[in-house]
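Here is a short briefing to read with the model open in your viewer. Take a look around first, then come back for the notes.

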Amino acid sequence: MLDRSTRQYKKNQYIHYEGDHVSGIYYIISGKVKTVKLTQEGRELITGVYKENDYLDISILFSNDTYNDATIALEDTFLSFLPTEQLDKLLFLYPDVGAKFIKILANDMREKEERLLQIAYMSVRKRIAQGIVHLLLQHSADGSSIKFSRDDLAAFSGTSPETVSRTLSDFKEEGLIEKTASTIHVLNLEKLSKIKN
């Protein structure tokens, strides 16, 4: 029998910090979390956004010393925690579970590589547009809007909150989005996703 515990985290609460000793993996029962890396200047770069039914920290299957990034609840979140010892037993008894985790890890790595390429080679305008499109396709409840703060969108796009504000104003003037509080309503997904670099 697996010894899993359920834990509740409030919005903006840290689940673990970058560099903490690895103790297990998390499964999101409900809510949403982000993984972040901090620069030496204290700027935040969001390395991933995860939702209900996603696993966190799968990379520890291959290196179980310390967590690579910090994990923070984006909203009130319930997580199931599986300690490392239990995970090791599970993988030993059921190798097919390990194969599923490897697929999850490969997809996660591919997504992070694509985002790094965007940050390195795309214009700020294109990065913000692509960030909105990605979040909409992966995390929208209604298929047309996302609830994501200006600061988080900046950290996700690798830019400053001020640049995000200016760019969102431009997108609004162009009829691509509407913005209310921290919710972005996409009015023209096709045009937004085809913004030139």
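In this chain of 197 residues, 41% count as buried, meaning under 20% relative accessible area with a 1.4 Å probe and protein chains only. The model is predicted, so local features need pLDDT of at least 70 and side-chain atom pairs count only at pLDDT 80 or more, while totals for chains, interfaces and linings use all residues. Residues are numbered from 1 along each chain as its sequence is written, and side-chain values use heavy atoms, with hydrogens and water left out.

**Overall shape**
- The C-alpha trace spans about 55 × 30 × 30 Å along its principal axes.

**Secondary structure**
- You will find six helices and eleven strands, which are DSSP runs numbered from the N terminus (helices: H or I, at least four residues; strands: E, at least two).

**Around strand β4**
- Strand β4 covers residues 32-38, and five of its seven residues are buried.
- β4 runs antiparallel to β5 (residues 44-51), with seven bridges joining them; strands pair if DSSP finds at least two bridges between them.
- K32 sits opposite K51 in β5.
- Five residues lie between the strands of the β4 and β5 hairpin, where G42 takes a positive phi near 90°.
- β4 also pairs with β7 (residues 70-73), antiparallel and over four bridges, and V36 stands opposite A70 in β7.

Methods
Buried < 20%, exposed > 50% of the residue type's maximum accessible area, 1.4 Å probe, protein only.
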